[in-house]
Amino acid sequence: MMIDCVENRLLTSRRRLLLGGASFAAWAYLPKLARAADGRDPRLIVVILRGALDGLSTVAPIGDPDYAGLHGSIALAADGAHPAIKLDSFFALHPGMPEFARMYRDGHAAVLHAVATPYRDRSHFDGQDVLESGYAGPGRVQSGWLNRALEALPRGERVSSGLAVGPTTPLVLRGNAPTVGWAPVALPQADDDTAMRLVELYRHRDPALASALSQGLQLDKVASGDDMKATRGNAVAQMRQVARGAAKLMAADDGPRIAALAFDGWDTHANEGGPVGRLAFLLGGLDGALAEFESGLGNRWRDTVVVVATEFGRTARINGTDGTDHGTATVALLAGGAVKGGRVISDWPGLKLANLYEGRDLKPTTDLRSVIKGVLQDQFGLSDRVLAETVFPDSAAVKPVKGLVV
Amino acid sequence: MARDSQAALVALNRFGFGARGGASGDLINASSDPRGFVKAELARPNGVLLEAPGLQSTPQLGQAVFAYQDQVKQAREAAKAAAPAETPAQAPADQKPALRRNLSLNAAAEITGQMTDARPAENTARPEAMQPSASPPPAAKPAPQPLNVIQKTFRAEALARLQRATLVECGFTERLVVFWSNHFCISASKGELARIWAGAFEREAIRPHVLGRFADMLKAVEQHPAMLFFLDNQQSLGPDSRAGQNRKRGLNENLAREIMELHTLGVGGGYTQGDVTSLARIITGWTFAGRQGQLGVPGSFVFNVNAHQPGPQVLLGKTYDQAGLAQGEAALADLARHPSTANFIAAKFVRHFVADDPPPALVARLRDVFVKTDGDLKAMAITLVDSDEAWRAPLTKMRSPYDFLVASGRLLARVPEDPGAYLNNLNLLGQPLWSPPGPNGFPDTSAAWAAPEGIKLRLDIAAQIGARLGNNFDPLDLLEFAAADAASTETRRTIERAESRQQALALLLMSPEMQRR
């Protein structure tokens with residue numbers, strides 16, 4: 001019965017045949033449609049910014065008397081040729097993010113500031129491990145918190161496979177719960193018959209590849225509508241394009257409800273730029289991606305939360321090369337129709353030397369896990385216990401932030 | 001007999017780039033003496049170096065970039081001078097920000113974009129190359145721009161590397177080059193200098209030491225202009241140096257951190273934030289001469305005493321009171337022989353060649369060899385090949401996209417004459433040449449390369465190759481070259497029963513025998 005509904009809605013003939021195989025755990029969980037109880041059909045998109053986002057340049061504490069001095073030549077200001085966009089009397093948004101500003105004004109975007117994972121060293125790769133694994137420290141964990149959250153959804157409530165966007169699956173979505181992957185490309189495709197023969201061979205000789213290939217085959221055509229021709233070139237276009245494709249998949253009635261994607265390039269050690277420049281360019285790409293999610297998800301945007309997070313922040317004081325080195329606290333951004341937005345939520349630690357973490361970084365006052373827990377709880381009804389034991393192991397002391405979602 | 005073929009697969013696939021087709025006899029040769037087949041290349045250390053007509057040194061290439069940038073600037077100024085002031089009514093204020101925005105777009109595209117090389121490749125006719133043409137929209141496409149010196153160089157370097165990989169016998173030394181090049185990676189997408197230097201960096205800093213000493217490779221890498229540029233050290237000034245006092249710039253700890261975290265000790269290798277800052281100070285002044293050449297030959301490594309933080313520094317509890325360049329060289333020499341480095345390198349090496357979960361006993365043995373021989377990388381490679389574990393472990397690692405494409409080219413005996421198809425396909429599969437997403441290089445686990453979309457894309461590429469070249473081969477002959485009686489019954493049957501030679505070739509390239517190593 002489940003398979004019938006999949007066939008009708010999603011799959012071409014090739015896929016229908018493929019579903020006869022035994023290795024399709026991924027699709028056994030295919031969607032429960034709307035949540036019967038309240039008619040909501042929640043969606044969650046996690047965007048990982050790899051390289052450590054400078055939170056003080058993304059949402060600048062222009063009301064903090066020490067900010068301009070510390071951030072020096074790249075500090076944002078409320079005046080000048082490219083003024084930052086005021087969010088309240090204290091914080092201002094980078095001018096490269098007009099779409100996010102609009103969502104914020106409409107109450108569909110929020111900022112959490114002085115946020116960090118529990119990781120306190122400054123290695124990107126360990127920092128990303130902690131951010132994505134959901135464990136308190138780095139280690140060779142092979143599953144991510146988003147996957148474990150997916151796994152923890154009650155059987156009847158399973159909202160679908162997670163969607164990994166890009167040629168590799170980010171750690172946050174790796175694990176036991178089935179995931180599917182998709183990446184935008186423009187390449188002539190292998191024909192159905194060849195694909196089926198190969199799946200058959202893999203089923204006998206290499207089950208892991210069988211499952212990977214079948215999943216890859218299933219998602220590809222759904223995402224690649226006619227407007228999906230790969231526009232190559234700059235990173236902004238790529239970020240938008242990835243978001244557009246993911247939104248299209250997720251907008252389908254039986255599409256994935258949960259997706260994770262990663263954007264690279266935020267490691268701004270040198271010539272970071274202020275209102276214009278390298279970081280401005282990247283933030284523009286992120287802003288465009290958020291706008292693509294909004295337009296691509298259509299009616300579903302109402303029930304969507306996008307979480308934008310990074311492994312850690314950057315130094316409060318610029319370094320010797322007009323950039324910033326690895327730091328600690330930073331921002332997390334929420335966007336989506338389901339976000340109770342229009343707010344910068346922060347227990348602001350201040351930027352006086354004595355208030356900086358180790359005398360150099362914005363001090364964390366909010367645990368990123370509490371933010372994510374709050375979103376997962378409000379969107380999917382996960383219990384405190386599951387969140388504290390399974391999704392973010394050993395995190396009972398980290399309480400979910402309440403009321404992030406409408 | 002079956003056993004010998006199995007060992008030959010280990011020799012060719014685990015250690016090398018796979019069997020070559022045609023008359024090479026690789027599989028038969030590897031079957032008769034698998035270990036000897038692998039080790040034969042180690043006896044020819046000069047074979048690791050890569051020299052091809054037209055490949056230039058780092059200073060020459062740096063100067064070419066400077067000259068190119070000057071040309072672009074002059075052309076722009078000439079155009080500006082020639083064009084009569086446009087409609088004066090138009091507010092000039094409109095134009096200036098627009099120009100600036102474009103410049104920053106370009107700069108950031110250099111940093112984050114991966115497709116820079118794909119574009120010219122699409123526009124180049126490649127009669128016989130293994131290309132699935134990456135279907136660009138035909139309409140409204142501007143005429144192809146001639147390649148600039150940076151793109152030309154990148155492609156020439158890529159071609160030389162690909163040709164070498166396709167032609168070598170086993171490919172073990174080339175695999176070692178790829179391993180070390182990824183360990184000490186730079187990214188061409190950092191900017192024009194990084195792009196033009198990417199190949200030279202590997203030829204100059206990696207290859208000479210792949211069968212030499214780790215300490216020598218470390219020094220060559222950290223003093224190479226490409227690395228200094230990639231991790232920003234050329235801009236780092238000691239706060240108390242003369243230049244630091246005069247200018248408003250100062251320390252950048254990027255390179256120092258990655259030296260310890262990624263190149264030597266490994267994260268958790270026992271260093272602190274204080275050590276990072278110390279090492280950053282120690283290597284201030286490590287830079288390359290700029291276009292004016294005040295410090296030396298433009299584009300060459302120089303030590304700039306005016307940028308160097310004066311005075312002794314404490315690193316990992318030891319005081320370094322040498323003056324100038326010697327301070328950093330002493331620090332690197334100690335990092336190279338630190339016990340954490342031996343552990344980190346041994347585990348990474350075994351993980352790459354043997355299994356995602358490296359057998360601990362083998363890691364320990366390699367670590368001991370590394371320590372005892374003071375980082376003799378050839379001794380470490382020999383120990384690996386002599387081990388039982390490396391031959392007993394099942395072939396479960398996924399070939400990376402680069403390995404997969406090279407292995408396919410070898411089996412089909414196609415020596416590339418143009419790198420475009422390879423570069424495009426590497427971009428598509430998430431492993432753009434010399435352009436990893438971060439300084440930790442490309443991932444090295446099966447999980448990363450066996451993702452659904454990645455496998456699906458490989459199939460599409462294999463189907464394209466099959467469609468182009470399938471008619472030229474008997475697929476069962478190719479299976480004989482690739483695996484002989486180590487091929488599974490199912491793979492053989494799948495190929496026999498294919499509906500066309502084209503389909504058979506695609507299936508062969510995608511078979512577990514070709515995907516796993």
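**Chat about the two-chain model**

Reply: Happy to. Let me start with A:Ala396, which sits in the segment that follows helix 14 (384-391) of chain A; helices (H or I, at least four residues) and strands (E, at least two) are DSSP runs numbered from the N terminus. This is a predicted model, where local features need pLDDT of at least 70, side-chain atom pairs count only at pLDDT 80 or more, and totals for chains, interfaces and linings use all residues. Residues are numbered from 1 along each chain as its sequence is written, while chains are lettered from A and ligands numbered from 1 in the order in which they are written.

Me: Does A:Ala396 count as buried or exposed, and why?

Reply: A:Ala396 counts as exposed because it has 12 C-beta neighbours inside 10 Å. The cut-offs are 20 or more other C-beta atoms within 10 Å for buried, 12 or fewer for exposed, and partly exposed in between, with C-beta atoms placed from the backbone. Its C-alpha atom is 9.8 Å from that of A:Val386, 10 residues apart along the chain.

Me: OK, zooming out. How confident is the predictor in chain A?

Reply: The average pLDDT of chain A is 83, and 82% of the residues score at least 70; pLDDT is the predictor's confidence in each residue, from 0 to 100. Residues 1-36 of chain A stay under 50, and the model has 60 contacts for them beyond four places in sequence. A contact here means that the C-beta atoms of two residues, placed from the backbone, lie within 7 Å. Residues 224-233 of chain A also stay under 50, with 18 such contacts.

Me: And what about chain B?

Reply: Chain B averages a pLDDT of 87, with 88% of the residues at 70 or above. The pLDDT is below 50 over residues 87-141 of chain B, a stretch with 87 contacts in the model beyond near neighbours in sequence. For the complex, the predictor gives an ipTM of 0.81 and a pTM of 0.73.

Me: How many helices and strands are there in chain A?

Reply: Chain A has 14 helices and 12 strands. Of its 406 residues, 63% count as buried. Among chain A contacts between residues at least 6 apart in sequence, 74% link residues at least 24 apart.

Me: Let's look at strands. Which strands does strand 6 of chain A pair with?

Reply: Strand 6 of chain A runs parallel to strand 7 (residues 179-182), joined by four bridges, and pairs in the parallel sense with strand 8 (residues 258-263) over three bridges. Pairing requires at least two DSSP bridges between two strands. A:Val165 has A:Trp182 of strand 7 as its bridge partner, and A:Ala164 stands opposite A:Ala260 in strand 8.

Me: Which residues are on each side of strand 6 of chain A?

Reply: A:Gly162 and A:Ala164 are on one side, with A:Leu163 and A:Val165 on the other; all are buried, and both faces of the strand (residues 162-165) are covered. In a regular strand the side chains alternate between the two faces of the sheet.

Me: What is the strand order in the open sheet of three strands in chain A?

Reply: The order is 2-4-3, with antiparallel pairing. Strand 2 (59-60) and strand 3 (85-86) of chain A are at the edges with a single partner strand each, so one side of each has no neighbour in the sheet. Two bridges join strand 2 to strand 4 (residues 92-93) of chain A, and A:Ala60 is the bridge partner of A:Ala92.

Me: Over to chain B. Why is helix 10 described as largely enclosed?

Reply: Seven of the nine residues of helix 10 (residues 214-222) of chain B are buried, so the rest of the structure largely encloses it. Among them are B:Phe214, B:Met217, B:Leu218 and B:Val221.

Me: How far apart are the end C-alpha atoms of helix 23 of chain B?

Reply: They are 26 Å apart, which agrees with the 26 Å that its 18 residues (452-469) should span at 1.5 Å a residue; the expected span is 1.5 Å times one less than the number of residues. 15 of the 18 residues are buried, so helix 23 of chain B is largely enclosed by the rest of the structure.
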